[in-house]
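My notes follow in the order in which I looked things up.

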Amino acid sequence: MEEYLAELNDAQRAPVLQKEGPMIVIAGAGSGKTRVLTYRIAYLMHKGVDPFNILALTFTNKAAREMKKRIADIVGASESKNLWMGTFHSIFAKILRFEADKLGYPSNFTIYDTQDSQRLVASIIKEMGLDKDIYKYKQVYSRISSYKNSLITVKAYFQNPELMESDAMAKRPRLGDIYQNYVDRCFKAGAMDFDDLLLKTNELLNRFPEVLSKYQDRFRYILVDEYQDTNHSQYLIVRALSDRFQNICVVGDDAQSIYAFRGANINNILNFQRDYDNVQQYRLEQNYRSTKNIVQAANSVIDKNKTKLDKVVWTANDDGPKIIVNRLLTDGDEGRFVASSIFENQMQHQLPNGDFAVLYRTNAQSRAIEDALRKRDIKYRIYGGLSFYQRKEIKDVLAYLRLVINPRDEEALKRVINYPTRGIGNTTVNKLIVAANHYDRSIFEVIENLDRINLKINTSTKNRLENFMNMIKSFQIANETSNAFVLAEMVAKKTGLLLELKKDTTPEGVARIENIEELLNGIRDFVEGQKEVADARGALTEFLEDVALATDLDQDKGDDDRVALMTIHLAKGLEFPYVYIVGMEEDLFPSGMSMNTRSELEEERRLFYVALTRAEKQAYLTYTQSRYRWGKLVDAEPSRFIEEIDDTYLEYLTPVDDYRYKPLIDSDIFGEVDKSKLRLKKPVSGTPPTSHKPTEEQLRKLRKLRPATTNDAATSKSNLFDSDLVPGTVVEHMRFGRGKVLKVEGVGQDKKAEINFENGGIKKLLLRFAKLKVL
Ligand code: ATP
Ligand code: MG
């Protein structure tokens, strides 16, 4: 353990060594907050604290897994398995399953994801005969969500004239009624939505003192990462659970609070001192992540915010290169610039795709970047789009599985009752819904009792409904005896889902079948991993829970090497050597919808601070001169955030007298352009800007090559262009020695080869630079 403690600086070690009492670590980005939490947990275990008594709450499940892995390195894997670690939602979903009956829920309750919840809201709005243009289901849902996160129940809502007034003012006087219906329907379906997982936990802890006491006693040590982004509901849970032992350690950075729009409350940090006695405050000031240029640039930006706690962030790291700013004509050019720059960096420094991230303000921006990366054959992964588990074909299979576990699950039932088509039309489904509401039962229960109620449904439809019910019941029986994988396979076949998909022979159709295969593989892996769980049914419930709560990052098994594309919101807590922040334009970033008040603008600025501080070695900022917004090409202006960075940390690639970036490799990025149309907002002062293109001398240094002699140049040239480099050719490289060519791709300037070197393993080299000798 001593050895591990030496991996911390003094400021970091202090909160790790303080075993008891409330403590708060407020510190800037990259200063080791997450590291402190990790080592603190390891240290507690080292000091004899039972891992069952430790609860650590993280922002993503992936973060929790990584922390656990690190802790396992320090204290051993067998003990660290018993730690309670995960997001608020995943931890409290587990607790709610144990205690569900107290709240009147079945322990196998379904978790509705956002899509399920929104569909239900839309359906209620329709059933109530309300105007769907006024009652926009997404807005209504997010309103309900924010009530829940502020712990405003339906009852509390109707006791609060101000809230009702404000919804009435927004022309939505029936919002409370929709809320009421929504809550009733979820309850009847045995379903909780994401917000319920927090709201119901609060209810549980409030209403049942013995339950509260049990968990207080269990979680003697509580740790929370990214504390600045906890909402009120989460805050209350933490406060209640830590009330007895007061061993609570929270870490956060007010400058990285970026979820106010979703109810995160910065006051949680400010009030911490007030909530607990003798709070120890720690500050970390040294950033280990980024270069001086990046740290100082980020500091200069966040300085512009008025609402902030005073903090110092410095780094002993190198200056590093300046932050590169580039102006492009269109988003297509922006994408191509990013792709070619990534390519250049990879070739010059031999870097894997995983070293690069492209961050944007809105998901829609990913398309142009994707196109360009695809053209360059650079593998990437998009986070935050439609996640795997939200794809239609996957949700269809999952819906059947959900029904097996909980036949009351209304959203699952509506999804598949007539898919694949089995002649149960909308009219029938609507009749079922009306009857379910009337009898205060679930739709499935109505189907089970068709004989006892008069629904005006003809005999053949009735038969079809009964067949559907019997099929689900047969799956339930199978589930008692077979494991989740066997069941899922049975569902895919017997429901006709696979057959239906096989009719579609387009590439998209084939991809959908592959996705289902992938899902089945996932279930099999899960079952294998759960061998100790004797109850197969339990395994299925758990699998579905994991799926419902899987954040996008969780799907990243880290097993293949890809450039990461994601919104800045998702990038919180992560780090990458190279970061491209694209779309640095007014109205986009800062977002046009967030410029009405100072506090909104400050949140955007914090978002920019988060983006910039993800970079370890080099950051790029790009903006375009015109961009399609809502279908129209509009003039774009560079973001004010670029100007807010101290000029000393920036290098403009687009010099005043030459709007063109001259890439090392791409000569085809820009067509001819009417120069008179180009505006440059910020002239570069001082010495004329130098081209970013490295001199031969610099290139040599970068590649640590000995100076090329005339001879070398001649040889390499003749070798590269006169001989056909094909897989199998044996070559010699100045640094890596002899190697065998595995693959050749690209043409002309872009031609590169994958070579297995005796001294360097497999490398991908740009032939133009590689100076290979064919042996
Ligand atoms: P963020 O605010 O972005 O969440 P953070 O404060 O949680 O950042 P960490 O992610 O814990 O910071 O640390 C940033 C990087 O610095 C990590 O790669 C971490 O391993 C490294 N690091 C932190 N402390 C040290 C240290 N004492 N010695 C070496 N590396 C360190
Ligand atoms: Mg962190």
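Where does UniProt place the feature "binding site"? I found it in the unreviewed entry at Ala27, Gly28, Ala29, Gly30, Ser31, Gly32, Lys33 and Thr34. UniProt positions are given in the numbering used here, feature names are shortened, and annotations may be inferred rather than shown by experiment.

Conventions. I am reading a predicted model, where local features need pLDDT of at least 70, side-chain atom pairs count only at pLDDT 80 or more, and totals for chains, interfaces and linings use all residues. Residues are numbered from 1 along each chain as its sequence is written, and chains are lettered from A and ligands numbered from 1 in the order in which they are written.

Entry on Gly28. I located Gly28 in the loop between β1 (23-27) and α3 (33-46). Helices (H or I, at least four residues) and strands (E, at least two) are DSSP runs, numbered from the N terminus. Is Gly28 buried or exposed? Gly28 is buried, because 25 other C-beta atoms lie within 10 Å. The cut-offs are 20 or more other C-beta atoms within 10 Å for buried, 12 or fewer for exposed, and partly exposed in between, with C-beta atoms placed from the backbone. Leaving aside neighbours within four places in sequence, I noted contacts of Gly28 with Asp253, Ala255, Asn287, Lys311 and Val313. A contact here has C-beta atoms, placed from the backbone, within 7 Å.

Thr34 has 19 other C-beta atoms within 10 Å, so it is partly exposed. Not counting residues up to four places away in sequence, Thr34 touches Asp225 and Gly573.

Entry on a sheet. I then looked up an open sheet of five strands, with the order β21-β20-β19-β18-β22 and antiparallel pairing. β21 and β22 (773-774) stand at the edges with a single partner strand each, so one side of each has no neighbour in the sheet. Two strands pair if DSSP finds at least two bridges between them.

Going through the pairs, I noted four bridges between β18 (residues 730-733) and β19. Glu732 has Arg738 in β19 as its bridge partner. Six bridges join β19 (residues 737-745) to β20 (residues 752-757), and Lys743 is partnered there by Glu754 in β20. Another six bridges join β20 to β21 (residues 761-766), where Lys752 stands opposite Leu766. How many residues does the hairpin from β20 to β21 pass through? I noted three residues in that hairpin.

Terms used. Two residues are in contact if their C-beta atoms, placed from the backbone, lie within 7 Å.
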